[in-house]
Every structure is written in structure tokens, then in C-alpha cells.
Amino acid sequence: MVPDWMLCGGEVIDGQGGARFFADVHISAGRISAIVPRLPDAAVGISTGSISGTPVPEEPVETASLVEPVETQTRILDVTGLVVAPGFIDMHAHSDLAVLADPQHLAKVQQGVTLEVVGQDGLGYSPVTDATMASTRAQIAGWNGAPEIDYSWRSVADYLARVDSGTATNVAVLVPHGTARMNVMGMDAASASPEQLERIRAYVDQGMRDGAVGMSTGLTYAPGMYASDAELEHALGAVRAHGGYYCPHHRNYGAEVVQGYADCLALAVRAGVPLHLAHCHVNFPLNAGRAPEVLAAIDAAIAAGGDVTLDAYPYLSSATYLSSMLPGWAQSEGAAVTLALLADPAARARILHELEVTGSDGQHGVPVDWQTISISAVADPANAWAVGRTIADLAAERGTSPGELFADLLIADRLGPGCLMAVGNAENMEAVMLHAAHTVGTDGILVGEKPHPRGWGSFPLWLGHFARDRGLLSLEQAVLHATSRPAARLGLVDRGVVAVGHWADLVVFDPDAVGSSASYGEPTLPPTGIPHVFVNGVPTLLDGRRTTDLPGRAIRGRGASSPTLATQVAATRPTETNEETPVTDLTATDEGAEPEALCIGETMVMLVPELGEPLAQTASVAVHIGGAESNVAAGLARLGVNAEWFSRLGADPLAERILAELRERGVDTRRVAIDDGRPTGLYFKDQGSGSSRVHYYRKGSAASALAPADLAGLALERRRLVHVSGITAALSASCDALLQHVIVQRATSAATVSFDVNYRPTLWSVAEAAPRLLELSRAADIVIVGRDEAETLWGTTDAASVRALIPDAAELVVKDAEFGATQFDASGATYVPALRVDVVEAVGAGDAFAAGYLAAWLRGADTATALRLGHVMAGYTLGAISDIVELPPRDALYALAETPDELWPALRLPAAEPARV
């Protein structure tokens with residue numbers, strides 16, 4: 001395939017924190033199709049050669065001055081002296097309307113932003129009713145303005161469909177809890193009734209099904225500020241069910257800042273959801289030097305197994321709408337009542353006393369210093385006199401008190417003013433931004449005459465000032481904070497890293513010149529040193545100029561496919577089931593514990609000639625499923641283990657078949673990712689005498705896009721066992737990196753990691769596989785390997801020599817085909833012979849053995865019993881064509897595993913039948 005673009009001559013910072021390297025980056029059909037290493041001084045351009053077997057032009061195609069799209073075969077962009085990095089992800093954006101109303105969207109495009117997360121702070125534009133849309137537009141006009149666009153959407157699905165019509169950046173959305181509450185209760189400050197709780201949760205649930213990535217709260221903004229933690233926890237049940245995360249603007253960033261963060265951490269644990277702390281700041285003079293307390297609480301939560309990230313912008317002032325400072329009671333009945341209260345002398349006196357003396361809840365319990373509050377925007381041009389000035393200065397100029405001017409301005413502008421708050425602390429800010437959980441979020445408010453410069457300068461300021469000029473961290477690490485870490489939080493497996501197969505969201509910047517020109521005086525000046533930006537492989541910025549393209553699309557969360565798949569899976573379930581074969585309703589996950597075993601890896605649909613004849617001669621095929629890790633998960637579930645399988649599947653009927661069958665077998669599949677851009681894998685078994693030849697169609701499959709970012713939201717730290725196999729490492733570089741994270745870097749925290757070597761010569765050579773599989777084996781807790789595959793890979797001759805090669809695994813199981821299996825642990829070696837079986841098909845037996853052994857291990861059985869249960873499970877699979885077979889009742893399987901040693905050699909299993917769905 002001839003690439004659409006070649007970015008030649010630059011250094012790549014891939015977003016994972018490693019050292020930069022010289023390489024050309026090729027883009028084809030929206031994705032990165034090749035990364036070609038080059039010498040630092042190699043000339044840009046191609047004289048001869050080919051890419052993927054297709055000749056390319058000898059003469060480079062000049063593109064440096066392109067602004068309009070041009071139809072050419074390959075466009076070559078000279079990026080000598082520049083860095084090619086993943087596009088920046090703005091984890092906290094207020095561009096909900098800007099992406100629809102402003103095709104240029106220069107504030108973000110010129111910073112290198114390629115993805116924004118909107119629906120922040122508990123207030124947004126979907127899901128809404130007609131009434132809520134009207135009131136929300138008025139309430140947060142200070143964040144988003146009031147552009148003249150079509151506001152006919154109401155659901156998250158409709159909003160994302162509008163994004164899909166073309167935007168400057170990709171867009172992900174959070175369900176704003178305050179808006180969901182407003183749909184049900186308006187601005188009522190009362191506690192939600194049980195019926196109202198269910199309706200709020202239903203809005204959140206539907207938003208997640210429509211494609212939201214999580215839920216946000218605004219707990220100092222009405223009406224979210226009226227919600228109890230119990231209400232939030234109930235709503236978060238829908239977020240947990242769909243693999244999303246919780247993003248709170250919490251209750252107090254001032255007088256009770258440490259407690260405010262602690263409450264968020266505790267709520268996330270109770271709700272069982274990942275936590276992303278919005279605009280994580282420790283502000284106000286009374287909190288100087290207190291960031292370490294907040295970060296210590298975050299570190300403790302992570303050490304205890306919590307999944308916590310945060311975002312922050314590199315500025316000391318914050319920004320919001322001016323009326324947010326009002327006490328909650330003054331906002332509980334809507335804008336008209338709020339304006340009436342401000343006009344009433346007694347109510348105004350009470351409001352100002354709370355603001356200036358006791359500290360209102362809207363002001364985080366801190367008495368206001370009017371010299372720190374400046375006006376950034378007004379709704380009525382007649383009030384432009386106030387813009388850019390502090391409340392204190394304006395009051396002095398007009399001969400009134402600051403509090404009176406504040407109230408008068410709110411009335412005159414109908415609650416419309418926006419404001420900046422100079423309440424930050426540099427020491428606290430830097431401590432937060434350097435934390436290992438930090439991501440960059442601009443919190444950019446892009447409207448008004450004097451908006452906050454963070455909307456135009458956060459990313460270039462982060463790279464240029466804090467990384468390059470001050471050296472607080474390396475440029476490579478600074479890029480990681482802005483790319484792969486936020487991608488992982490969003491659960492994106494193919495963005496956030498410069499890697500082959502990933503979407504070509506890219507920013508090209510000059511490491512010596514990148515920086516922010518935006519200031520509080522001139523907040524909308526463009527940054528320097530960012531000439532090129534690509535979104536989904538299409539340039540939005542070339543040579544510093546905005547193109548006419550709108551390649552941005554909606555980024556949907558894992559719950560987006562739930563309605564269709566849940567309906568189809570439910571339709572396949574029988575109305576009556578054998579008591580010994582449980583059918584678990586995996587859509588009802590709120591009350592259940594996290595599955596104790598998680599299996600991660602590829603699964604495909606398998607087609608087998610129905611009459612046992614050669615594939616070329618058959619007239620019909622039987623449909624089964626097969627995949628090492630899903631086979632293990634199904635086996636564990638059959639043995640009573642609460643097991644989950646995770647992978648990526650295409651948005652196709654093959655995926656529906658896989659999910660239906662696994663759920664029918666009792667496997668939890670709630671977090672399986674549906675990939676719209678890649679298919680589900682497929683393979684055929686061509687039966688012959690004594691064995692089958694397998695034909696795989698897995699290249700470019702959805703599972704081959706598995707990556708470390710997929711681990712986000714899988715709650716690995718709460719599992720007793722995480723099981724993977726060597727097949728995954730062979731599928732792609734990103735799959736290999738996932739295993740590196742799970743086994744070597746121990747993303748699983750305290751969980752035990754089991755690793756089945758599973759060498760497949762059709763996937764990679766011995767030279768490629770041997771060192772990689774040995775490294776992974778040496779890092780795992782439980783290792784399962786065949787004696788023959790160990791001999792092929794490492795030249796070992798028996799079980800003892802395998803143990804000598806892998807001495808540190810807590811448990812090593814060496815299977816010796818039809819002869820038996822030996823387990824090594826700290827106490828020595830245990831050998832159990834295999835059962836006598838009439839073999840029909842060997843494929844899948846190893847996975848069944850692993851399921852039996854691991855199920856017994858999870859139940860605390862002795863070593864011999866665990867090996868025997870492995871043999872029992874393998875024996876039944878050897879007697880059938882399918883990888884997943886019909887089995888005797890669970891109690892009978894365990895009883896077979898407890899057969900006395902003297903009777904075991906005489907035991908013989910009957911032939912099994914393929915599992916039926």
C-alpha cells in the first residue's frame with residue numbers, strides 16, 4: 001500500500017516515555033502504516049524502493065505549503081529537526097459547543113490537540129430534556145457561550161452523531177451527573193427519592209450505552225452540589241457496568257481540600273470504578289504547601305489497588321462563571337429566583353455575609369478576596385466595561401463595595417459574567433503536575449473578551465516552559481503525560497502512542513521553539529513551534545496554517561455496543577437450563593464481586609467440516625469458537641470460578657457469536673471492547689487422518705490491536721488471578737507490550753499471574769519467540785509449558801532442565817503430552833500421569849488442562865489434585881473436535897480429580913461432545 005503521507009527526517013517521541021529516535025512515519029488510510037528507522041543525517045526523500053511491495057515515486061511531493069487538500073499518491077512532509085509525537089489529549093475540555101460551532105477551532109488545533117473530553121464538571125448538553133437544554137445553555141454560557149447552531153440533539157448518541165459529521169478534533173464525552181439530575185429534579189435542593197434515584201441512574205446508563213466514557217460531577221455547582229454521596233454511588237453503578245470512569249469536580253477545593261479529595265477516593269472504592277480527578281489543584285493561600293497531603297492520599301489509594309489518575313493545567317488562576325460563587329441555597333430554584341434574591345436587600349446581605357465572612361459552599365468555604373476575582377466575559381456588550389478588571393478595582397472606581405458591585409453586575413448581566421480567580425499556589429501546582437498519575441487538561445473556556453490563556457497555551461507551556469526550560473521532567477515524559485497516559489484512562493488501545501496500526505493522531509513540533517504566547521493580557525495568541533497536526537491521518541494544521549479538513553470523529557466508550565449485544569445474547573439463552581450448568585446474567589453486575597480470575601487474549605470463530613471430511617470436499621461446516629484465553633475462562637467458569645475474559649472483537653456477527661457462547665458458558669464478558677475498524681478473527685479446521693490442519697485468518701484482527709492501554713478499567717488489582725498466554729505476544733507489537741505490562745512490569749499489582757507459553761510456530765519463528773517467551777516465563781508466578789515446546793524453544797530435554805531454566809516461578813507445570821505432567825514449587829516436584837483417552841482432536845486440550853489446574857489452585861487444592869483436575873479437563877477436550885466441550889456435572893469433575901493414586905492409572909474417560917449453545 002502506498003502511504004498517503006510520509007513524515008520524513010524527524011525524531012519520534014512515541015508517547016510511552018522512552019528515548020526519542022529517528023524514524024520516518026508513514027500514514028495510510030488514517031492509521032500509522034510504518035515506522036522506518038533512519039540515520040540522523042539521512043537526506044529526506046526517496047530515491048528508489050518500495051513500501052509494502054508497491055513502488056513509490058522517485059521524486060518527493062512537496063507539501064510544506066499545502067493548505068487545501070490535494071489529490072496525490074504520496075505526500076512527503078519534511079520534518080527534519082522536528083519531533084513527531086502522538087496528538088495531545090485534552091482530558092478536561094469545555095469545547096462541547098465549540099467543536100460544533102467553530103470549524104477552525106484554532107485554540108486547540110494550534111496546540112496539537114487531537115482529542116478532547118467534554119461533558120465536564122457535572123454540567124453539559126446531553127442527555128437533556130427540552131427544559132434542561134434551555135436552562136443549561138443559560139447556566140453555563142460563561143463556559144461555552146451561546147453560538148447560533150442547531151441544538152436539536154437531546155441524547156449522548158445524538159450529540160456524538162453530530163460530532164461524527166466532522167469536527168476539528170476527536171471528541172469523547174462524559175455523562176454530566178448534574179444535568180442528569182436536572183432532567184429529573186430541576187434545580188431542587190432536596191434529596192432524591194428512590195424513584196428519582198432510579199431515573200437519574202437511567203439517564204447515566206443510557207448515556208453510557210450511547211457512547212459516553214464515564215460520568216462527571218460538579219459538586220460546587222447547582223444542582224450537583226445537592227446530591228448525596230449515596231446518590232452518586234447509585235448513579236456510578238451504571239458507569240461500572242459499562243467500563244467507564246468517575247470524573248469529579250469535588251465538593252471543596254478550599255477550606256476542606258484534603259477531605260474533598262479523600263471523599264472522592266473513598267467513593268470510587270465503594271462504587272468500584274476508576275477515578276480521574278478533574279483539575280486537581282490545591283488552591284487558596286490557606287492551603288500553601290498542602291499538595292503533598294493530597295498526593296499522599298492518592299498514592300495510598302493506588303497502593304491499595306485503586307485506579308486513579310488526575311488532570312491539571314499549568315496556570316495559577318482558575319476560571320468559571322461568576323454566579324458559581326453564590327451559596328447553594330441561592331441557586332436551588334433557578335435563575336429567576338436567584339436574580340430576585342440578589343435584588344432583595346435582606347437576601348443580598350445574607351449572600352454577601354456568606355461570601356465575605358464565612359465562605360460560601362460555592363466559594364469552597366473560603367471568604368472571598370475580591371482582588372483575586374477578575375471579569376473575563378459578559379453576556380451583554382453593555383457591560384463590557386467590567387471585562388479584564390478585578391471586582392475590587394471596579395468597586396473602588398465606582399465608589400461602592402466589592403460585594404455590592406458583584407451583586408449588581410450579576411443582575412445587570414443576567415448571571416452571564418465569566419471570571420478568573422487568582423487563587424493558585426506554584427509549589428502545589430508543580431507537585432501535582434509532576435505526579436505519576438497526572439495528565440494534561442486545559443479546562444479551557446474559549447469564550448469571552450478576556451478568557452483564561454489556558455485554553456490556548458496549556459500544552460505548549462507544559463512542553464516548552466516546564467519540560468524544556470525548567471527541566472522539571474524530560475520532554476519524553478512530558479509527552480507521556482499528554483498522550484499515552486490519558487489514552488489509557490479512556491481505554492483507547494489504538495491512540496496515544498506512535499505505533500504501527502494506531503490511528504494517526506499526530507503532532508509535529510520543534511523541541512527548541514515550542515512554547516505558549518498566550519497571557520492573561522493577550523490570552524488568545526497562538527503558540528510557537530507547532531507547525532503540523534494530523535487527526536485520523538488527515539492534516540488539520542500544515543506549516544502553521546489551518547487546513548479546511550474536519551477529520552475529527554466521536555470516540556465512544558466501551559458501553560456503546562451494550563444494547564445490541566445484550567439483546568442478542570439474551571435471545572440465545574435457553575429458557576431452561578441444567579442445574580449443573582449455570583447461566584449467569586452478566587448484565588446484572590452491580591451487586592456482584594469482581595470476577596476473581598481474568599483471562600486476557602484473542603478468540604476467534606472456528607469453522608469445522610460438519611461430517612469430518614476434508615475442508616475442500618465438505619458441503620457444510622459447524623460453527624464453534626476458539627481461543628486460548630477464552631477457553632481457559634470457559635473452563636474456569638464450568639468449574640465454579642467467577643471468571644472474566646477480555647479481548648477486542650470486531651463489530652460483526654462473529655463477535656456476537658463469540659459473546660453469546662461465552663456468556664452462555666458463564667463467562668463474564670462485560671468489558672470486551674468492540675473495534676469498529678477491525679474484524680473478528682476466523683479460522684478453519686481441515687480434518688485429516690489423526691490430526692487437523694488449521695488455517696488462520698487473524699492478521700489485522702481486532703484482537704491484534706490489544707495494547708497496554710486496554711488494561712485501564714479492568715480492575716486487575718482486585719483479581720486473584722490474571723491469566724495470559726504466549727500467543728498474545730506473537731500477534732503484534734502492541735499485544736506484546738500488553739504482556740510486558742501484565743507480566744514483567746506487573747500492572748496487575750498483587751494479583752497472581754499465570755502464563756501458558758503456548759508457542760505457535762505459524763505465528764513466529766523460534767529465533768523470535770525463544771528469548772521473548774523465556775523472559776515472560778521467568779517473570780510470571782505460575783508457568784505452564786509443554787516439554788516438547790520447551791525443547792523446541794530452549795533446547796531443554798526434560799522437565800528438570802526446564803525448571804533449571806525457569807527457577808523462580810512459584811509454580812512451574814511441565815506437560816509431557818500423553819504421558820503426564822510435573823509440577824515444581826518450593827517443596828519440590830510432583831508428577832501425575834495423564835489419563836487414557838481416545839483422542840479425536842488435540843487442539844484446545846492444553847487450555848482445558850490450564851483451566852483445571854488453575855481452578856484447583858484457586859480453591860486451595862493440593863498439587864496432585866490440581867494436576868489431576870487439569871488432566872480430567874484436558875481428557876474430555878481431547879475426545880471432541882470443539883475447543884469447548886460438554887462436560888459432566890461440576891461435582892463429578894472434582895470427584896474424578898480426587899481419585900486415589902492407586903486407581904488413577906485405570907481411569908478412562910468417555911468421548912465428549914462439542915458444547916451446544
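Me: Which residue in S26 is the bridge partner of Leu607?

Reply: Leu607 has Val623 in S26 as its bridge partner. The model is a predicted one, in which local features need pLDDT of at least 70 and side-chain atom pairs count only at pLDDT 80 or more, whereas totals for chains, interfaces and linings use all residues. Residues are numbered from 1 along each chain as its sequence is written, and side-chain values use heavy atoms, with hydrogens and water left out.

Me: Why is strand S25 described as largely enclosed by the rest of the structure?

Reply: Buried means under 20% relative accessible area, exposed over 50%, and partly exposed in between, with a 1.4 Å probe and protein chains only. Of the 6 residues of S25 (residues 604-609), 6 are buried, so the strand is largely enclosed. Met604, Met606 and Val608 point one way, Val605, Leu607 and Pro609 the other way, and all are buried.

Me: Why is helix H17 described as largely enclosed?

Reply: In H17 (residues 475-482), 7 of the 8 residues are buried, so the rest of the structure largely encloses this helix. Leu475, Glu476 and His481 are among the buried residues.

Me: What makes a set of residues a nonpolar core?

Reply: Such a core is a set of buried Ala, Val, Leu, Ile, Met, Phe, Trp, Tyr and Cys residues joined through side-chain atoms within 4.5 Å. The largest core here has 99 residues, and Val204, Tyr246, Leu277, Leu463 and Phe509 have the most contacts inside it. Helix H9 (residues 257-271) gives the largest share, 7 residues. A second, separate core of 56 residues includes Ala634, Ile782, Leu835 and Ala866.

Me: Why do strand S27 and strand S37 count as edges?

Reply: The open sheet of 8 strands has the order S27-S24-S32-S33-S34-S35-S36-S37, with mixed pairing. S27 (643-646) and S37 (828-833) each have a single partner strand, so one side of each is left without a neighbour in the sheet.

Me: What joins strand S33 to strand S34?

Reply: S33 (residues 752-756) and S34 (residues 782-786) run parallel and are joined by 3 bridges. Ser754 stands opposite Ile782 in S34.

Note on methods
Helices (H or I, at least four residues) and strands (E, at least two) are DSSP runs, numbered from the N terminus. Two strands pair if DSSP finds at least two bridges between them.
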